[in-house]
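Have the sequence and the 3D view ready.

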Amino acid sequence: MKPQRPYLLRALYDWIVDSGEVPYILVDATVDGVVVPTEHIQDGKIVLNIGPNAIRDLHIGDDYVMCNGRFDGRVFELCMPMLSVNAIYSKDTAQGMVFPEENALGVPVADPSAAATPATPAGVSEIPTERVAEKESDDTSDDKPGGPPTLRLV
């Protein structure tokens, strides 16, 4: 199957923008092929505002994210391989997604410690997950089967 990251990135970008928020991406600047202003890289990472008012000509393809941005008053063409994009989120609400680490083929890399403690993008205090847990715990219905979903004819 094709990697999920480009599809999720496009969907989350649309969701954040449609919600009236500003999308930010966390990029691993150490990945081969990343073209970003080096003076803004901190600890091998850079956080970029990719909102419609901040950049031009955004293209989220299957292999790369490309756009034009302004840094210190000069236009800069940004190019980020899809595997370098670690997260997309709204800075104001901290809602978004941290992508799992993947190999060059887009297959998730098994790392038990990463599953136990997911990374949080820089500038985000936490990515809310408790709402999902609350929703699941509020459901006290006993009529749900314990296995995979099935179709029941009535």
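This is a predicted model: local features need pLDDT of at least 70, side-chain atom pairs count only at pLDDT 80 or more; totals for chains, interfaces and linings use all residues.

Residues are numbered from 1 along each chain as its sequence is written, and side-chain values use heavy atoms, with hydrogens and water left out.

Strands here are DSSP runs of E with at least two residues, numbered from the N terminus. Two of them pair if DSSP finds at least two bridges between them.

Let's start with β1 (residues 23–28). Six of its six residues are buried, so β1 is largely enclosed by the rest of the structure. (Buried means under 20% relative accessible area, with a 1.4 Å probe and protein chains only.) Pro23, Ile25 and Val27 cover one side, while Tyr24, Leu26 and Asp28 sit on the other, all buried.

Now for β4 (residues 64–71), which has a covered face with Val65, Cys67, Gly69 and Phe71. Its uncovered face holds Tyr64, Met66, Asn68 and Arg70. Why the every-other-residue pattern? In a regular strand the side chains alternate between the two faces of the sheet.

Here are the antiparallel pairings:

| Strands | Bridges |
|---|---|
| β1 and β6 (residues 85–90) | five bridges |
| β1 and β2 (residues 45–49) | five bridges |
| β3 (residues 55–60) and β4 | four bridges |
| β4 and β5 (residues 74–81) | eight bridges |

β3 and β4 make a hairpin with three residues between them.

Definitions and conventions. Buried means under 20% relative accessible area, exposed over 50%, partly exposed in between (1.4 Å probe, protein chains only).
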